[in-house]
Structure formats: C-alpha cells, structure tokens
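Please keep the sequence and the structure in view while reading.

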Amino acid sequence: FKVKTVCNDTYACTSAVECPESTPDEPHCSIEACTAGACVPSVNPNKTGCCVQELLPLAEEKKAGWSFDTCKMEDWKATPPAATVMWQISESHPCSGKCSLWFGNKATGDYSNGTKAVNGSICSPDIDVTGMSAVELSFCLWADLKDPYHWLDSLSLKMDSALFAGGDALGVKKQLWHKPCTPEEFNGECDDPKKPLPPCDKYGCEGLPAQTCTCFKQVVDVTDDQDGSGYPWVPGVNHRAIFCFEFDSGDGAGNKAAGVFIDDFQVKTLCK
C-alpha cells in the first residue's frame, strides 16, 4: 500500500519518516531507512530484546574486527613506530588464522634488548561509537613471560578517543584491563619476591595460563569522561573510540621469552 503525495508522484521516499514498519502488528528487530528512494529495513540492535550483535563501523566501510590473517598491521599504529623491540606482526603464536600482534624483538624472537627495559603501545583505528553508551570488546592473548614477579612485564588495555573520524587521539586514556595483578592487589604474601605464589604470580591474580590462548570479553562504558574536561561524553554526538595495548617490561633482565601476542580483537554493539 502506497500513498501518493502532492509533491511526489513517484512513490519514492525522501526520508525514513515516510517508511512504515515492516511488521507493525508484531514485535520486530528492524528499523526502516530511506535509501535511494526506497524503504529498506535494517537491524536495530539497540531495541530491547533484539540481540543481534554487529561489529562497529570504521572508515571506508570496514568493520571493527581484526584477526590479522593478512599478516599486516591493518591500520593499527605502534609507538614507537620503529625500535629494536616493538609491536609488530608475527606468525609465531596466532590464536586463530595466520598472524597476530606481537611485542618483541624480531632478531632474537623474544622481548629482550640487552640490559635495557622495553616498552611500547599499539592502538586501533578510531571506531565510531556515536549514540552508544556501551560496547562489547573482546580479544585473545597468548603470553610467555620470564620475570617471576607480577609487577614486571605489565600489559594493559586502555581506551582513548578522537573528536572526529581520522582525528588524533586526545591522549587521555582510561584503563579497561590489565595483566591481572597490580601492587594494590597484594594478598599479604605476594610482596615477597621469594614467594610469587598463586594467585599472585607473573601471570597475574587470575592465573593467566602460560603459552595458551586465553580470550577475554567485557562490556565497556563509552560515556565516561575521556577528554579530561570533567564531563562525560554525550551519546549522540560525534564520538570515536580508540583502543590501545601497552606493554612495559619494567626492567632489562629476564626478558628471554616469547612475550605477548594479541589476536581476534573485536568491538561489537551491545545486546540490551
């Protein structure tokens, strides 16, 4: 059934307002859009009860999902961009497919640089989270660390933001995850270097298994203050999220191990 308007005798829609619901008499999980003059239904993941998760959009019709099977950085940016030990692509320990992100020394196959401490970060492209209050983030980690003390060889995941697509990160990062143990999480015995006892050993309070892929999933609040202004982001305005992994050996000793590998990083819409 179509309604002919005075100003439009082609029956072509000019806005989504003119598009009726696909199934008006029953609950549905679609939202109508007007595309090239035609009413086209699309998934509405924000509607309560409609659990259809999708990868968030990037620029040039790309999606926020990385398996690194191209064995390329896929627009992730390492800091420093060039160093003896740095974030780069590796074929050694992917959790799926061919390759993963690795913090290490290509010449030695570990994360050592003589007696020097090493550190670096790697950040995703900016991801459009406009209009969202939270997203679901997931990634897989393979780790082989040498230092027996949990406060060394730290690995964390942080969220930064940009004001527009392709914009620079603001540089105000919120920690989302860390290799699960910090000096604030001592259990009374873990502060004794001679007693790196579980659950507070080099792989953290959650007992992160060595040399095994472990996958993590969490809900991330993207409305928290990210720009340092003291005000939260307002859903609906232009809002780009950037996710960064940071590794810091803490010292230059005991770094003769394979290190950390990140794979299967995804950012999805959140089911309500």
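The model is predicted. Its largest nonpolar core has 43 residues, and a search of the whole structure finds five salt bridges.

**The nonpolar core**
- Within the largest nonpolar core, the residues with the most contacts are Trp87, Phe139, Phe243, Phe245 and Phe265.
- Several strands give two or more residues to this core, among them S5, S6 (100–104), S13 (240–248) and S14 (259–268).
- Strand S9 supplies the largest share of the core, namely five residues.

**Ser90**
- Ser90 is located in strand S5, which covers residues 86–90.
- Ser90 has a relative accessible area of 6% and is therefore buried, the limit for this class being under 20%.
- The Ser90 side chain reaches the backbone nitrogen of Ser92 at 3.0 Å.
- Beyond its neighbours within four places in sequence, Ser90 is in contact with Lys98, Cys99, Ser100, Trp102 and Phe261.

**Salt bridges**
- Lys62 and Asp75 form a salt bridge, with their closest N and O atoms 3.1 Å apart.
- This pair links distant parts of the chain, 13 residues apart.
- Lys62 is partly exposed at 38% relative accessibility, and Asp75 is partly exposed at 47%.
- Glu246 forms a salt bridge with Lys158, the closest N and O atoms being 3.1 Å apart; Lys158 lies in strand S10 and Glu246 in strand S13, 88 residues apart.
- Glu246 also forms a salt bridge with Lys173, where the closest N and O atoms are 2.9 Å apart.
- Because Glu246 lies in strand S13 and Lys173 in the loop between S10 and S11, this pair ties together parts that are 73 residues apart in sequence.
- A network of salt bridges links Asp126, Asp128 and Arg240.

Terms used
Residues are numbered from 1 along each chain as its sequence is written. This is a predicted model: local features need pLDDT of at least 70, side-chain atom pairs count only at pLDDT 80 or more; totals for chains, interfaces and linings use all residues. Side-chain values use heavy atoms; hydrogens and water are left out. Helices (H or I, at least four residues) and strands (E, at least two) are DSSP runs, numbered from the N terminus. Buried means under 20% relative accessible area, exposed over 50%, partly exposed in between (1.4 Å probe, protein chains only). A polar contact is a pair of N or O atoms within 3.5 Å; within protein, one must be able to donate a hydrogen and the other to accept it, and residues adjacent in sequence count only if both atoms are side-chain atoms. Contact means heavy atoms within 4.5 Å. A nonpolar core is a set of buried Ala, Val, Leu, Ile, Met, Phe, Trp, Tyr and Cys residues joined through side-chain atoms within 4.5 Å. A salt bridge is a side-chain nitrogen of Lys or Arg within 4 Å of a carboxyl oxygen of Asp or Glu.
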